[in-house]
Amino acid sequence: MKKSMSLLGICIVFTLLLVACSMEERKTAVVNKDIKEPVVYDAEEDIDQVVINEMESFSEVKGSSEKTLTNKEDIKTIQDAFLNANKEPGVADMSDPHYKLLVGANSYYLWIHESSGTIMNRKDTHVIYSLSEEAAQGVYKLLNSIYGENNNDQ
């Protein structure tokens, strides 16, 4: 009798451990899904301006470089590029950004070249998102029209 009670006790403990681990795994998945911040604002948010600054480093803005976009087509170019960016795996280790953009209530770093671009939400500097070649070309062209030829391809 003592042996069967002991075996029953072990089975119960083992079952509880399996259930607890299974529940913890599901809980982690839900938490990770809930805290995952999208690359950009709510797509439904009405953005009426984008503020852009050229950057010297992560913490230093180039003097007198602030520009404000209010043209709806220009804003749409930025919005579309950001909304369709792809999250890159791994931990981000980036050089100094070319630009800082304020889009709605969110702020981003931008690295841009003629046919490639990368963005990083300033609230989550461990994750980067890559722009499609087409989106990067559109953003690059837009920024060159605002700031003139730049040295981003160094």
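Helices (H or I, at least four residues) and strands (E, at least two) are DSSP runs, numbered from the N terminus. The model shown is predicted: local features require pLDDT of at least 70 and side-chain atom pairs pLDDT 80 or more, whereas totals for chains, interfaces and linings use all residues. Residues are numbered from 1 along each chain as its sequence is written, and side-chain values use heavy atoms, with hydrogens and water left out.

**View 1. Overall fold of the protein chain.** The order of elements along the sequence is α-β-β-α-β-β-β-β-β-α, comprising 3 helices and 7 strands. Of the 154 residues, 34% are buried; this term denotes under 20% relative accessible area, with exposed denoting over 50% and partly exposed the range in between (1.4 Å probe, protein chains only). The accessible surface amounts to about 10,200 Å², and carbon and sulfur atoms account for 53% of that area; accessible areas come from the Shrake-Rupley method with a 1.4 Å probe, and for residues only the protein chains shown count as cover. Contact means heavy atoms within 4.5 Å. Among contacts between residues at least 6 apart in sequence, 58% join residues at least 24 apart.

**View 2. The nonpolar cores.** A nonpolar core is a set of buried Ala, Val, Leu, Ile, Met, Phe, Trp, Tyr and Cys residues joined through side-chain atoms within 4.5 Å. The largest such core has 26 residues, of which Phe82, Leu101, Leu110, Ile112 and Leu131 touch the most other members. At least two residues of this core come from each of strand E1 (50-54), helix H2 (72-83), strand E4 (99-103), strand E5 (106-112), strand E7 and helix H3 (133-147). Helix H3 provides the largest share, 7 residues. A second, separate core contains 6 residues, among them Met55, Ala92, Trp111 and Met120.

**View 3. Aromatic pairs.** A pair of aromatic rings is described by the distance of the centres and the angle of the planes. Rings of Phe, Tyr and Trp (its six-membered ring) pair if their centres lie within 6.5 Å; planes under 30 degrees apart count as stacked, over 60 as edge-to-face and the rest as tilted. The structure holds 5 aromatic pairs. Phenylalanine 82 and tyrosine 108 form an edge-to-face pair, because their ring centres are 5.3 Å apart and their planes stand at 80°. This pair links distant parts of the chain, with phenylalanine 82 in helix H2 and tyrosine 108 in strand E5, 26 residues apart. Phenylalanine 82 is buried at 0% relative accessible area, and tyrosine 108 is buried at 0%. The pair of tyrosine 99 and tyrosine 147 is tilted, because the ring centres lie 5.4 Å apart with the planes at 40°. Here too distant parts of the chain are linked: tyrosine 99 belongs to strand E4 and tyrosine 147 to helix H3, 48 residues apart. Tyrosine 99 is buried, with 0% relative accessible area, and tyrosine 147 is buried at 17%. One aromatic cluster is formed by Phe58, Tyr109 and Trp111.

**View 4. Surroundings of threonine 118.** Threonine 118 is situated in strand E6 and is buried, its relative accessible area being 17%. Leaving out residues up to four places away in sequence, threonine 118 touches Met94, Tyr109, Leu110, Trp111, Ile128, Tyr129, Ser130 and Leu131.

**View 5. Surroundings of histidine 126.** Histidine 126 lies in the loop between strand E6 (117-121) and strand E7 (129-131). Its relative accessibility of 52% places histidine 126 in the exposed class. Apart from neighbours within four places in sequence, histidine 126 is in contact with Gly90, Val91 and Ala92. The C-alpha atoms of histidine 126 and valine 91 are 5.5 Å apart in space, while the two residues are 35 residues apart in sequence.
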